[in-house]
Amino acid sequence: MTYNWKDRIPLHIKEKDLTDDERYKLIESAVFCILPWIHMSIEPSGKILPCCISKGPVGSSKEKSLKEIWNDTPMRELRRAMLADQRVPGCRDCYEHESVGTKSLRNGCNKAYGHLIKNADFTDPGGALSEMKLYYWDVRFSNICNLKCRMCSSSYSSRWQEDEAKIYGKNNTVTIQHAGRHEDDIWEQLQEHLPYVESIYFAGGEPLLMEEHYRILKSLIDLGNTKVHLTYATNLTKLEFKNQSILDLWKHFPKVGVNASLDDMGERAAVIRTITDWTQVEQNLRDLKRECPHIYFTVGPTVTAMNVWNICRFHRHLVDQDLILAEEFNINILQGPSEFRIDILPMPIKQQLQQEIEQHLEWLRPLDPVQRATTGFESMINFMMATDNSSQIPQFWKKVESIDEIRSERLLDAVPELEALTQYR
């Protein structure tokens, strides 16, 4: 059976084996998410979230252990609200995605981890769980990164520190951060979960440059727990760390998914995700596909007002160069910072882009049985048209020009289509 990107049926449990209540929670509810029962997201700053896109922190690993946070008041209240089918303010990004027809993180996790739904049965009336088992990890051990993407910040990229010091002053600059009360704290707390973890999502910073990432993979190999599903958000600029090839380690794991954070090609890539060497990225991509053909690979562009102009041509280029299949394009629509969202564009430009995307979809649909890429492009149109945030255009140019100045770059040279926005400064 072909995998259906759009449906919400759990992957690892038969629908007939779900109770009516479980089926409602996983498939029909507009609120319930499995993650607070199996997962916590750990930021480089130590901020603990129910998931990586939540706007509602539940604690700090700088102040408390993960076990203390697991049943602290914010997590208990979150579980109680979801069990009562009540909307959660911190989950608004998922609600926004779903409102424009795209698959949200909530939908995806209910689909991927729906087989763990019975964990919710052990929730006491106060929202607590007697046992903490992290089946799904998303741990950003640090903000170490070798790029300084324009839509990022020093919270997620150590390379941004110097630029933020120039733009905002040193008092607003975040130093290199390690999650936890000391450098090895989170690693030490996670070790007890290694035998039964099912899935690990590595992001950053840049995960392929983090010591802890390699420590986890080697520990899993030593334990014989190589059935773990590894997924990555990586800029794909480096495939080696301290003489250790990541390709050699990935060969031990049958389930690896790599989503490359690539927004554009050539000079455009070098300016939008500053320091990107596109020639090296293409070579790394070819090496990965040759050495590890079992890996499920996608390109996951973050669509912003900077790269939306070329996103269709970028997709076609990757397909024409045999770097990906047409379906292996996993669009992420930027939701913040607000000045870089695609809904800042004026209506005439939106209408022009809509025509280009619709023409692209005519080519794409017959080549996309999974419907992931198709849904992404359709959602771009819906997201772009849903809101008029053109009042943010002056702020867009203010941010662009401040970055241009300190980096001796000019985004307008790399993305000449932006000339159409200059009249709205």
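Hi everyone, let me start with helix H14, where Arg-372, Ala-373, Thr-374, Thr-375, Gly-376, Phe-377, Ser-379, Met-380, Ile-381, Phe-383 and Met-384 are buried. Buried here means under 20% relative accessible area, with exposed over 50% and partly exposed in between, using a 1.4 Å probe and protein chains only. Helices are DSSP runs of H or I with at least four residues, strands are runs of E with at least two, and both are numbered from the N terminus.

A word on the model: it is predicted, so local features need pLDDT of at least 70 and side-chain atom pairs count only at pLDDT 80 or more, while totals for chains, interfaces and linings use all residues. Residues are numbered from 1 along each chain as its sequence is written, and side-chain values use heavy atoms, leaving out hydrogens and water.

Back to H14. Eleven of its 15 residues are buried, so H14 is largely enclosed by the rest of the structure. What do those buried residues pack against? Their partners are helices H4 (92-99), H12 (311-320) and H13 (347-364), along with strands S12 (296-299), S13 (302-303) and S14 (332-333). Contact means heavy atoms within 4.5 Å.

Now the core. A nonpolar core is a set of buried Ala, Val, Leu, Ile, Met, Phe, Trp, Tyr and Cys residues joined through side-chain atoms within 4.5 Å. The largest one has 128 residues, and Trp-250 and Phe-396 touch the most other members. H14 gives the most to this core, with six residues. If you click on Trp-250, you will find that the residues it touches include Leu-208, Tyr-232, Cys-292 and His-294.

On to the rings. Rings of Phe, Tyr and Trp (its six-membered ring) pair if their centres lie within 6.5 Å; planes under 30 degrees apart are stacked, over 60 edge-to-face, and the rest tilted. By this rule there are eleven aromatic pairs. One of them is stacked: Tyr-113 and Tyr-136, at 5.0 Å centre to centre and 25° between the planes. Tyr-113 lies in helix H5 and Tyr-136 in strand S4, so this pair ties together parts 23 residues apart in sequence. Both tyrosines are buried. Phe-396 and Trp-397 have ring centres 5.2 Å apart and planes at 80°, so they pair edge-to-face. Phe-396 counts as buried, at 0% relative accessibility.

Last stop: Trp-278, Phe-314, Phe-329 and Phe-377 form one aromatic cluster. Phe-377 is also one of the buried residues of H14. Thanks, everyone!

Technical notes. Lists of a residue's contacts leave out its neighbours within four places in sequence.
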